[in-house]
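Colleague: I'm new to reading protein models, and I'd like a close look at one part of this one. Could you take me through the sheet and whatever sits around it?

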Amino acid sequence: MTSVSTQPAPTTNADTASLAPVLAPIALNSGEGEALWFLGVLATIKSSSETTAGRVAVIEHLARRGSGSPLHVHHNEDEWFYVIEGELTFWVGGQVITAPAGSFVYGPRDIPHTFIVSSEQARFLLVTEPAGFENFVRALAEPAQQLVIPPPATEPPDMAPMMALAAEYGIKILGPPGIPT
């Protein structure tokens with residue numbers, strides 16, 4: 001039987017080793033991670049600033065048709081998506097992109113973008129580099145009571161506090177959810 005060491009591999013470059021933080025490997029199965037109900041979506045944080053020394057955040061989303069993000073722009077991080085199941089429609093810098101399962105979409109920082117779930121349901125990864133966006137998600141979310149899409153909201157979110165919070169995280173909300181025409 002092979003054992004896995006949690007100790008970092010030895011390095012021959014002492015200068016590099018002294019500057020790089022020691023990170024532990026991350027291995028999470030389906031359903032594992034920090035599960036949150038975030039704006040009508042089950043968002044499961046798989047990696048974060050805390051677990052990657054700020055390098056990358058990975059958030060798995062499970063969402064129903066019509067779920068999406070407001071039109072926004074990130075000033076601190078690049079954002080990319082990988083569609084696992086279902087289909088999303090993106091608007092990135094003026095380009096409309098249909099993204100079925102297996103699609104990859106990249107939204108560089110400082111480029112306005114939005115998306116909407118265009119199938120009955122979709123599962124996708126949202127990745128930000130560097131990490132930090134997950135803290136915005138945490139600030140607006142509540143712990144998931146079950147690993148399911150949350151019940152629909154009875155009222156739309158109050159945009160003024162959301163926009164103020166987004167600004168604290170280097171995000172500017174430019175418009176409502178939906179694909180601009």
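Modeller: The protein exposes about 10100 Å², and carbon and sulfur atoms supply 57% of that (areas come from the Shrake-Rupley method with a 1.4 Å probe, and for residues only the protein chains shown count as cover). Keep in mind that this is a predicted model, where local features need pLDDT of at least 70, side-chain atom pairs count only at pLDDT 80 or more, and totals for chains, interfaces and linings use all residues. Residues are numbered from 1 along each chain as its sequence is written, and side-chain values use heavy atoms, with hydrogens and water left out.

Now the overall layout. The protein has four helices and twelve strands (DSSP runs numbered from the N terminus: helices are H or I with at least four residues, strands are E with at least two). Of its 181 residues, 38% are buried (buried means under 20% relative accessible area, exposed means over 50%, and partly exposed is in between, using a 1.4 Å probe and protein chains only).

Seven strands make an open sheet, and walking across it you meet them in the order 8-5-10-3-2-1-11, with antiparallel pairing (two strands pair if DSSP finds at least two bridges between them). Strand 8 and strand 11 (142-143) are the edges, each pairing on one side only. In general, strands of a sheet pair through backbone hydrogen bonds, either parallel or antiparallel.

Strand 8 and strand 5 run antiparallel and are joined by four bridges, and Phe104 in strand 8 is the bridge partner of Tyr82. Strand 8 has two faces: Val105 and Gly107 are on the covered one, while Phe104 and Tyr106 are on the uncovered one. Ile84 lies in strand 5, and its 35% relative accessibility is why Ile84 counts as partly exposed.

Next, the packing. The largest nonpolar core has 28 residues, and Leu88, Phe90, Phe124, Phe133, Phe136 and Val137 touch the most other members (a nonpolar core is a set of buried Ala, Val, Leu, Ile, Met, Phe, Trp, Tyr and Cys residues joined through side-chain atoms within 4.5 Å). Take Phe124: leaving aside neighbours within four places in sequence, its contacts include Ile59, Phe81, Ile84, Leu88 and Phe115 (contact means heavy atoms within 4.5 Å). There's also a second, separate core of five residues, including Ala35, Leu42, Leu62 and Ile149.

Finally, the charges. The structure holds seven salt bridges (a side-chain nitrogen of Lys or Arg within 4 Å of a carboxyl oxygen of Asp or Glu). In one of them, Arg123 joins Glu60, with the closest N and O atoms 2.7 Å apart. Arg123 is in strand 10 and Glu60 is in strand 3 (residues 57-64), so this pair ties together parts that are 63 residues apart in sequence. Glu60 is buried, because its relative accessible area is 13%, whereas Arg123, at 24%, is partly exposed. Both belong to a network of salt bridges that links Lys46, Glu60, Glu85 and Arg123.

Another salt bridge joins the side chains of Glu34 and Arg138, at 2.8 Å from N to O. This pair links distant parts of the chain, with Glu34 in strand 1 and Arg138 in helix 3, 104 residues apart. Glu34 is partly exposed because its relative accessible area is 31%, and Arg138 counts as partly exposed at 25% relative accessibility.
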